[in-house]
Amino acid sequence: MTRFKGRSAIVRAGMLAVGFATAAYMADRSPAYADDVTPERLLNADKEAGNWLHHHKNFSATRFSSLNEINGGNVKNLKVAWTMHLGGVEGGGIWSHGGLEGTPIVENGFMYVTDGWGSVYKIDTHGGHGDLLWKMDPKTDHDWAGAVACCGVDNRGVALWGNLVISHTLDGRLIATNKDTGQVAWQRTVADPNKGEVITGAPLIVKDMAITGVAGAEYGIRGWIAATDLKTQKEVWRTFTIPGKDEAGSETWKDDKNAAASGGGSTWVTGTYDPTTNTLLWGVGNPGPDWDNAYRPGDNLYTDSSLALDADTGKIKWHYQHTPNDPYDYDSVAENVMVDVQGTNGPQKLALEADRNGFAYAIDRTTGRFVWGLPFVKKVTWTKGIDPESGKPLEYDSKKQVQTYNTEVTPSREHKVADICPGNMGGKNWPPTAYNPELKLWYIPVIESCNRVTVEEATQDKIKPREFFTGGGPSQPFKITGSVTAIDVTTGKIAGKAELPFPNLGGILATPDLVFSGQPSGEVIAFDGKSLQKLWEFNTGGGVNAPPMSFSVDGKQYIAILVGLGGAWDKWFIDSTPELKKMQPGSTLYVFSL
Amino acid sequence: MVGAIAALLYPGTAYCQSTPDPTDPGKGVFKRANCMGCHKWHGHGGGGYGGDALSLRKTELTREQIIETVRCGRPGTGMPFFERGAYDSIKCYDMNRQDAGGTMPPEANVFLRTKDVEEVADYVIMHIKGKAEPSFAECISFFSETSRVCDVYKKAEQPPSSAPDTAKPQ
């Protein structure tokens, strides 16, 4: 921890070693500024309109701010209020630089953001400017973690509990930092980079637990979701996303090679929580190896699924699988947005998920039953559609051990080079959707894409710790664009699409009559919430790879967004957007106001 | 730290008397030019999101061919060219940019001087080409012992020690 004094940012000599941090006490900010974040406050996060207490704003992940000082009538006057340069841009492992994918958390005018290597910054936003109070640098082991981070040096932000800031590091730790002093209170190792496991997602706080998801399905991991008791710092439960031998679902791994042990199923996007049923909803990623599905015959549960878990025990209540025996890398890691609407047959308690396979799904979140689904991208080729009753791809055959879907375009051992739409980054990747409960519109940040997959037959001897185990790889012969696509949740139909020149790599914020999003070419954009007409735009000069959020302080509304292109795109996918090659690495916080 | 400072202040100490590896500059180029970004530190390359970077351990290229590949890249693949002016003022594989057309390899993030290219080729020949599976000693020599990146090779070669920082549910 390095603590800074007021606006002069004087660093007092660090004397108190905490093993990995240098501490210095400054008495200029009284702890009286801070309020403990209780489970009750987290349950009622939306009642604190000016705060943004959860990664996804609330347990339902609507990312809807009810603040309306900035609105359709005046958004054209939105200006930069202040900016702050952050760090963490350095490279490590296979990465030449880090990037910013985090959502700022704001409580009572104090903002907490992370950079890609997991440093946490506390910023005082009072008085119309940003004032860095402290920085906690976890000294992440760059080469160790960066060598097994498939898709960038990423950290999507923090959570708050009590008087602690709870964060993750790429090298597998859960860290609790004193909110007032910036000193690390404790840390616990949750994931192991020696097995190819890293952590990029923000923690979700439920009651007195921090829920952690893991990344690494490209390195032969067996995925899991873990809960840590923040009072005792012990693990409460860990649920593997691939069933163990003789557990329910293990029969969906029909090979004789123990493919399940390296079967993937990452959980690297923060999930949601329904307090009325004490249920966590969490998305599960692709099976491994990604593209050689003949290596792992069977449906490969619970990969590419939405999972409902008992929050106290981690026991699986139900699952819904989107792409059985996936040969495309179509993760279902996306957040499941919890929405209650009046359907044609009565009230519906839905979980909405925009899947990498290009389809948006509404699932009954009480039973796990499919309600409706539709493609939200302009082009889908891997299937002719989904069954209106079950939601399964029309070509899915439960008797088949290896699914081929639309055989003509599906990568396989027989068809080693295949062009798929959406491309393997998916119709939507990790960038979060937003839901406007007044307009009943759900906004999806879309990657309108196709790409080429080349299959390489996987064999057991290719499974090595910390080495890619993907059964092939993608290339980018096609131009990729993007959009913001709105779905009317009462009808399950597309309500509008704002086309964008580049893929949407940052996600969405909804306010009563506006939608905010960004572009990797630098623009932050405000759209009309109904028509999706562009109302305002500002070019930050850096690639936007993070979601916008809104908060208020001193009675004034602000829009904040981290800017700095990182993630997978500029290493693995840049050939599909050659214009973005000019974007420079960076690490800056932008804050806008009227 | 004290030892390191002493070594800087007193260059005649034993600390600095070990014979330097003549390919150390090439290792520096391998890191600086981010060869490891695709071929990995051990040169095995392999699949993954980047497609398939060829294995430098299994390569049959000669020193001259490696130098040419670094200078000119590999047309039609993701292997970039590292020589300033390649395919413009300097022809590669007897091609300029127009001749290469759609197979034009990408331009590297850094350009290397002739000496750099020779040094990195010497490093590949000496430390990577023809080698079997990467070892702990090799990893430590690449990264030093400041990172845990090599632990996995140590574990593979030795019985597991009771390292306190491995991830275990508590």
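Student: How many residues of chain A are in contact with chain B?

Tutor: In this predicted model, 30 residues of chain A are in contact with 23 residues of chain B.

Student: Which elements of chain A each supply at least two residues of that side?

Tutor: They are α2 (142-146), β17 (235-240) and β30 (472-475) of chain A. The largest share, 4 residues, comes from β30(A).

Student: What is the make-up of the side by class?

Tutor: The side of chain A that touches chain B has 12 nonpolar, 10 charged and 8 polar residues.

Student: What scores does the model have?

Tutor: The ipTM is 0.73 and the pTM is 0.90.

Student: And what is the mean pLDDT of chain B?

Tutor: The general idea is that where pLDDT is low, the predicted coordinates should not be read in detail. For chain B the mean is 83, and 81% of its residues reach 70 or more. Residues 1-17 of chain B stay under 50, and the model has 6 contacts beyond four places in sequence for them. Residues 160-170 of chain B are also below 50; this stretch has 13 contacts in the model beyond near neighbours in sequence.

Student: Turning to sheets, in what order do the strands of the open sheet of 4 strands in chain A stand?

Tutor: In general, strands of a sheet pair through backbone hydrogen bonds, either parallel or antiparallel. Here the order is β18-β19-β20-β21 in chain A, and the pairing is antiparallel.

Student: Why is one side of β18 and of β21 in chain A left without a neighbour in the sheet?

Tutor: β18 (272-274) and β21 (316-321) of chain A stand at the edges and have a single partner strand each, so one side of each has no neighbour in the sheet. From one strand to the next, the twist averages 20°. Between β20 (residues 305-310) and β21 of chain A there are 5 bridges, and A:Leu307 stands opposite A:His319 in β21(A).

Student: Is strand β8 of chain A mostly covered or mostly uncovered?

Tutor: Strand β8 (residues 120-124) of chain A is mostly covered, with 4 of its 5 residues buried.

Student: Which strands pair with β8(A)?

Tutor: β7 (residues 110-114) of chain A pairs with β8(A) in the antiparallel sense over 5 bridges, and A:Tyr112 stands opposite A:Lys122. Strand β9 (residues 131-136) of chain A also runs antiparallel to β8(A), joined by 5 bridges; there A:Asp131 is the bridge partner of A:Asp124.

Student: What sits between the strands in these hairpins?

Tutor: The hairpin of β7(A) and β8(A) has 5 residues between the strands, and A:Gly118 takes a positive phi near 90°. The hairpin of β8(A) and β9(A) has 6 residues between them, with A:Gly127 in the turn at a positive phi of about 80°.

Definitions and conventions
Residues numbered from 1 in each chain as written. Chains lettered and ligands numbered in written order. Predicted model: local features only at pLDDT ≥ 70, side-chain atom pairs only at ≥ 80, totals over all residues. Contact = placed C-beta atoms within 7 Å. Nonpolar A, V, L, I, M, F, W, Y, C, P; charged D, E, K, R; others polar. Pairing = 2+ DSSP bridges. Axes fitted to C-alpha atoms, helices over the stretch in contact; angles between N-to-C directions. pLDDT = per-residue confidence, 0-100. Buried ≥ 20, exposed ≤ 12 C-beta atoms within 10 Å, placed from the backbone.
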